[in-house]
Each structure stands twice: as structure tokens, then as C-alpha cells.
Amino acid sequence: MQLVTEDNITELAQRRWATAKDPRTAQLMTALVRHLHDFAREVRLTEDEWMAAVQWLTATGQISDAKREEFILASDVLGLSMLVVQMNHRFSPGATPATVLGPFHIDGSPELGFGGDMSDDVAGTPLYLTGTVRSLDGTPVSGAVLDVWQADAEGAYEAQLDVDEARLRAKYRAREDGTYCVRTITPKGYSIPMDGPVGALVEQTEISHFRPAHVHFLLTADGFEPLITHLFEEGAEYLDSDVVFGTKQELVVRFEAREPGPTPDGGTSAVPWVRAQFDFVLQPCTPH
């Protein structure tokens, strides 16, 4: 019998997890064991601290559901989400950079036509987002799907509200020439949810719990890498202190105030509105 000691527990645990039938699982789990044990040794983890961590993880799971991904939020504020994005989306220079998905994306958004209004009378200043979707060589990407979502003027996403219909989210398709037009409302900077375990942890620090004003995009097209990104408002608060580390200079866009009159969708606005223009450049898939 081999007795377990503080000195050999890590090796014994790694040896057991190395028996995973899938080689990648074995690699991941043995490394996880090593780093977890090294962390516990480095900080001299107490039993009370271990229990507090277990209870925090339990509470994080309990508050999560189909609309609220508290574990993704935890990953975001720890910088892990952005690190994984950076490692896995090393696009060519000139391609639009990727950023975090965030915890509030909902599958199955309704499809709208060119300039369709995804705000559907939600209060706010009308915003038209226009531009083209193209490849690195400048070729228009016809039919590219733009899955778009955002928070309302109070900083709330549909996933945080008790509503039954799609709210401030929709899918658009780029036209033959790659052009797109999204109609919505101007976004506001907002706080991440602070009523859960992640918020309780952030409150113990001096970390700003706000995100700068932005609109989310998930672009997909045959032959191209999927692109998860944001467009941020130029001059918005919190650009330099985004709590999820998602801001990139290439994604900061000027929001131009316009007077009542013609709009990019071919219609007319009776009230002042805002226009932002941005060309998405997609990374072609690498042949295998």
C-alpha cells in the first residue's frame, strides 16, 4: 500500500487522471491537477477558504440557467475568456479582431431584412449601423449572417428580464454587395450583474464593474471563420477599464448624431438619430 502524503498526493492524482481514455482529456486533467495543487501550496489554502470556494461554485451553478450564464461571467471578469479568445483566434492583420461572447447571447434570434428595427419600440435614440462584410482581399461576403444583440437604455439584456419575446436581438444578412444595415437604439454603458456570486466577489475589490457602451455581433459565412466581436462607441466611459477586458481600439467606432430626415435604410426618421459605420473583415477558413 502506498500511503498518501502532502509530498506525493499530486503525483498520485496525476497518475490516476492520466488513465483517461481520450489523450486530450488526460492532458487537460493532469495539468489541472498540477496547477490546482500548486495554487493550494502557494497560498497555503485553509480548510475554511476551500469550503468558501466550494460554496461560491455551488451558488454560481444555482443562479445559472438557460438565460443567465454566471460561470461565463466569472470567466469574463477573471480575464480567462479574453485569453482563450486571443489564443484561438489569431486572425491575419486586417481582419476584424474577435472579443468575448459574454453571458447574454441567446440562440434563435428572429431574422430581419435590411434596416429592420430590432429595437421594436424599446425606448432610446435610433441607431443605424451600416457598412460592408468582406474578405481580407476586399471581396464582398454575400449572405453573411450578422447575429446582433445588445442591452437596453437601462443596461439590461433580454436574458435578465422576464419577457417572452425577442428583445434587442435579431439576425441580418449581408446583401449581394456585402452591405448591411442594422436598426436599433444607441447602447449605454452598464454594470455587469452584481446580484450574484460574481458580483459579491468583485465588490471585495476596487475593480470597476462597468462595461463601455457596445453592440454585440456574431458573424458567420460559408468559407470563413466565425467572428464574435463588439462595436464600441467612441468616447464612451469605461473603454479603458472594461470589466471583461473586451475593448480593442480597432472596434471603437464614431457614433454620429444626425438630424431628423433620410436614413440609410431608405426611410425617414422624424426624430434625431445616430449613425455608425463599420466594415467587418472576415478571416477565410484555413484549408485542412
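Leaving aside neighbours within four places in sequence, which residues is R211 in contact with? The close-ups below start there. This is a predicted model, where local features need pLDDT of at least 70, side-chain atom pairs count only at pLDDT 80 or more, and totals for chains, interfaces and linings use all residues. Residues are numbered from 1 along each chain as its sequence is written, and side-chain values use heavy atoms, with hydrogens and water left out.

**View 1. R211 and its contacts.** Beyond those sequence neighbours, R211 is in contact with G189, Y190, I192, H216, H230, F232, Y238, D242, V243, V244 and G246; contact here means heavy atoms within 4.5 Å. R211 sits in strand β6, residues 210-211 (strands, E, at least two residues, and helices, H or I, at least four, are DSSP runs numbered from the N terminus). R211 is buried, at 3% relative accessible area (buried is under 20%, exposed over 50%, partly exposed in between, with a 1.4 Å probe and protein chains only).

**View 2. R211 meets D242.** The side chains of R211 and D242 are joined by a polar contact of 2.7 Å (a pair of N or O atoms within 3.5 Å; within protein, one must be able to donate a hydrogen and the other to accept it, and residues adjacent in sequence count only if both atoms are side-chain atoms). Look for E237 as well: its C-alpha atom is 8.2 Å from that of R211, though the two are 26 residues apart along the chain.

**View 3. D121 in its loop.** Find D121 between α5 (80-88) and β1 (126-135). D121 is exposed, at 73% relative accessible area, and its phi is near 75°, a positive value in a residue other than glycine.

**View 4. F245 in its loop.** F245 lies between β8 (227-233) and β9 (252-253). Its phi is positive too, near 65°, and F245 is partly exposed, at 48%.
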